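Reader: Could you walk me through the charged side-chain pairs here?

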Amino acid sequence: MQLGLAAQDGRIVASDDGLTAPLAVRGLTVTYGEKPALFALDATFDAGAMSAIIGPNGAGKSTLLKAVLGMVTPVSGTVHAYGQPVREVLDRIAYVPQRATVDWDFPTRVIDVVLMGMARELGLLRRVRQDHRDRAMACLVRVGMEHFAERQIGQLSGGQQQRVFLARALAQGADLYLLDEPFAGVDAATEKAIVAVLKSLRDSGRTVVVVHHDLATVSTYFERALLINTTRVAEGPVATVLTPETLQATYGGRLAHAQLAQILG
Amino acid sequence: MAGASPTRNWRRSSAEMWGLGYNAALVATGAGLLGAAAGITGTFLVLRKRALVSDAIAHATLPGIALAFLVMVAFGGEGRSLAGLLFGSALSAWLGLLCVGWLTHATRLSEDAAIGAVLSVFFGFGILLLTVIQSLNVGRQAGLETFLLGSTAGMLYSDALTIAVGGGLATLAALVLRRPMLTAAFDPGYAVATGLDVRRVDLAMMGLIMAVTVIGIKIVGLVLIVAMVILPPVTARFWSNRVDRVVLIAGVMGGLTGLLGALISASAPNLPTGPIIVLTGSAGFFVSLMIAPRRGVLAALLARHRYQRRVHLRQGLLALAHGHPVYERFTLRLLSRAGLANPDGTATDKGRAAAARALLDESRWQILRADPAQEIAASHYDGLRPIETVLTPDQIAQIDTRLAPRPLT
């Protein structure tokens, strides 16, 4: 039985259902210094769906992924994946970080980056065999980057780099995919390629969670959305969650009516 | 030295096969092994962008050496046991390392400030202890200060053996831990997300550097040992974009540096071994910096120059094709030297043909780049590359159907 914040302002904010979901977050509070980046956040991500995490800058979107993966330590709250504490099932989770966190001059080729995704399977001593290389190449084919396998990672464009990191996540063979702004600053062809791969993952029963910044494409790419601004504003199917009221509540007055009309069609 | 045992005789004769004195052969072997171990372990440190931590580690060994000497003297020894001194240096280096880690994590100090603080405090304390020891006049203290800049005068077979075994173990451990260390260096956020304990990986890496430092301070000295850890990897980086090769080259480079440096210093009296080894390594670094293909300074200058000429030629040809005058004198000179333009800026027959080809190529590229389905081919566009090197003839024919029809003249 997990302990978490069960009620806030007299509303029930947490219940025990959904804890066997691919990802269940309950009462999560993360602070940098004393200012909370996330406060008492609840979220449930269902199997076989593509979910978007939406919110303004500084709403805690990236922090949510980092807390889920144990990269930042929460003040309170629990994170379960497939009914177990997330630390126990990290091998079933693949993560695609924001591109900016990487050293682009690192002496490594595209194929080596993808092989990095098999680290758990290779362990410390096992040699990289042809079979591993073939599977890494297959992952590159899925993102359309097979012709770049021998390139040094810094010689690629931003979109191509992003696809290589998606290929590394694919090489992990995970069930739950967490992506942090994969479409930020990439070309249209890359966005198309990434969406196609994510949809194929969803169709094979995998769970995909994407921190997303482009409100205009939410309803075309995703089935479900989580709107956050430090706390949860709304969660559910895109069609019911994306309303003028929830968007105004998430973004404050920052969203002009013209934009709203465009997003909501 | 009387009563040489059979083993000792064998060692002597094998050393003399090298045509060196016994001591010189020992030092060269030891320095070579140390250089290889330092180069391999140092590569991971440099790739993690924490090269200066090795300087803090090295300077933090000094109080440990002095305290170990005092402890051994207090228990009635001479205080000169190398194993004892190295054990002491390892303890205080580890303490210094923990201090750097604590200052970085628990306070707002950045790592470079923490390194500076730890380095100077430990080194200052060590110098103070050495001064106290001199005034005490106990034990056989002569030679303690050689740990500062290194000394090879009285090197023993057991010293070389210590380096061989210690360096071998450190290298082996580095190769076993290579995957977690490289993942943490390349993409620490991802490393944590896959369940890797990056802080423990870092600590293990520092432990390896510490081991190499401790076994190397006898030869190179604690002030200069940092060069043996940093120079081979930065030199190796010039020669390869593949991490496995960078590690290998750094190992070979470090080994050669140690060996050559020791041999050079043995070739004349009174040449200090540590500094000569470091200067040998620096020579390798400067040569690589200059002549390395692609990443070297000369290669970069040459590539830039060549590229500039190609850009000028291409722009000149496109200007001729459009019938524009060529204003830039450098462009005009290139064109006329290639027989494409007359000195007055008009195109020669050869120039007109080349200009038409350049224009056709450019128009084909524009069509290719406007087609989102051809993104990979289009990514090769750099304004210079002929489209024939990217597309097959039938693909080009396909594009040509979409070229604007030429007006008949």
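Author: Happy to, and let's start with one residue: Arg206(A) is partly exposed, with a relative accessible area of 24%; that label covers values between buried (under 20%) and exposed (over 50%), using a 1.4 Å probe and protein chains only. This is a predicted model, where local features need pLDDT of at least 70, side-chain atom pairs count only at pLDDT 80 or more, and totals for chains, interfaces and linings use all residues. Residues are numbered from 1 along each chain as its sequence is written, chains are lettered from A and ligands numbered from 1 in the order written, and side-chain values use heavy atoms, without hydrogens and water.

Reader: Which side chain meets Arg206(A) in a salt bridge?

Author: A salt bridge here is a side-chain nitrogen of Lys or Arg within 4 Å of a carboxyl oxygen of Asp or Glu. The N to O distance in this pair is 3.7 Å. The partner of Arg206(A) is Asp175(A).

Reader: How many residues apart are Asp175(A) and Arg206(A)?

Author: The pair links distant parts of chain A. Asp175(A) is in the loop between helix H5 (158-171) and strand S9 (176-180), and Arg206(A) in the loop between helix H6 (188-203) and strand S10 (207-211); helices (H or I, at least four residues) and strands (E, at least two) are DSSP runs numbered from the N terminus. They are 31 residues apart.

Reader: Is Asp103(A), which meets Lys49(B) in a salt bridge, buried or exposed?

Author: The two side chains meet at 2.9 Å, N to O. Lys49(B) counts as exposed at 58% relative accessibility. Asp103(A), at 18%, is buried.
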